[in-house]
Amino acid sequence: MADLKFDGRVAIVTGAGAGLGKTYALELAKRGAKVVVNDLGGSRDGTGAGQKAADQVVDEIKKAGGEAVPNYDSVATIAGGENIVKTALDNFGKVDILINNAGILRDKSIVKMTEEEWDLVHAVHLKGAFCVTKPAVAAMRENSYGRIVFTTSGAGIFGNFGQTNYGAAKTGLIGLMNVLNLEGAKYNIKCNTLVPVAASRMTEDVMPPEFFEKLKPEFVMPIVLCMVHENNQDAGLILNAGGGWYSRAAIVCAPGITIGDTKREITVEEVWGQWDKIKSLEGAKPLANVSETFAFLTPLLSK
Ligand code: NAI
């Protein structure tokens with residue numbers, strides 16, 4: 001198989017000073033991309049800031065003969081997002097690839113969670129993705145080309161105790177991706193979402209040590225580079241990756257059942273009586289957009 005090269009491509013990786021993001025930045029640069037290494041260099045809970053994390057990755061890329069520039073803005077504001085994109089435009093003239101990866105944790109069970117913990121996690125993960133993606137899409141439209149990755153989490157799409165803030169913010173990214181794929185289609189902008197499992201400072205106290213050693217971020221990296229390569233024509237995928245396991249997750253819709261004819265009332269008991277059929281996933285499949293739900297409604301609406 002031919003090498004998947006990134007010559008001439010300009011990539012932004014947020015939170016690329018450590019963990020997963022660092023592996024994407026290093027490999028993209030190794031394969032010819034010019035990379036903006038964004039990281040505000042804070043701690044795992046989002047406190048503090050520093051330039052060292054991004055600088056070290058840029059140094060490593062340059063020592064290996066690649067091209068990269070650091071950026072130290074937080075993704076959590078529009079001003080920060082615009083400056084991250086401006087860093088790419090000023091240094092490399094365009095944006096082809098955006099990997100939304102920056103993240104923090106503030107874990108608590110819901111009754112103990114403060115408003116600040118909820119807001120901060122949303123600011124970095126969900127609003128942060130908006131703040132960087134908005135100016136990046138504006139730049140990508142200029143060249144009718146873009147490949148974007150959002151990073152969700154199994155904690156949200158499947159559930160994990162103590163992470164209501166994180167799970168909600170992470171799952172919100174799937175909605176952002178779905179809508180942006182419709183808006184970006186005519187500009188050849190394709191978005192996909194990653195569900196990673198990897199050893200990093202974020203997971204060091206939630207994974208058993210024997211797993212931790214085996215779940216190298218480097219095993220997640222290849223699927224992310226496939227997602228952002230020009231050969232990839234798929235959009236809207238939600239892909240699990242960890243340790244060498246790669247698979248697709250999806251939001252699906254089942255055909256279900258119909259009751260009544262839209263003219264008569266439907267009782268609570270009628271619905272409860274069909275509960276098993278309503279919750280069945282038999283025949284379920286992903287939908288391309290919300291209009292496809294009308295295929296299920298049409299038999300009722302045309303009565
Ligand atoms: P990490 O903590 O090693 O890396 C995250 C990086 O983001 C850090 O270098 C941090 O400084 C940076 N960052 C934090 N807030 C920022 C902000 N406001 N602006 C710019 N940079 C900021 O964590 P890891 O594991 O590499 O996580 C990467 C992404 O993958 C995160 O979005 C995380 O939620 C997600 N994820 C990771 C999983 C795992 O198993 N490691 C599981 C599911 C999701």
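Reply: Happy to! Contact here means heavy atoms within 4.5 Å. Helices (H or I, at least four residues) and strands (E, at least two) are DSSP runs, numbered from the N terminus. This is a predicted model, where local features need pLDDT of at least 70 and side-chain atom pairs count only at pLDDT 80 or more, while totals for chains, interfaces and linings use all residues. Residues are numbered from 1 along each chain as its sequence is written, and side-chain values use heavy atoms, leaving out hydrogens and water.

Now to the pair itself. Helix H1 covers residues 19-30 and helix H2 covers residues 52-63; their axes lie 10 Å apart, at an angle of about 25 degrees. (Axes are lines fitted to C-alpha atoms, for helices over the stretch in contact, and angles run from 0 to 180 degrees between N-to-C directions.) That angle makes H1 roughly parallel to H2, a label for angles under 35 degrees; over 145 is roughly antiparallel, 65 to 115 roughly perpendicular and the rest oblique.

Which residues meet? From H1 come Lys22, Ala25, Leu26 and Ala29, and they touch Val57, Glu60 and Ile61 of H2. By class, this contact has 5 nonpolar, 2 charged and no polar residues. Ala, Val, Leu, Ile, Met, Phe, Trp, Tyr, Cys and Pro count as nonpolar, Asp, Glu, Lys and Arg as charged, and the others, Gly among them, as polar.

To place the pair in its setting, the protein has 11 helices and 8 strands in total. Its C-alpha atoms fill a box of roughly 70 × 45 × 40 Å along the principal axes.
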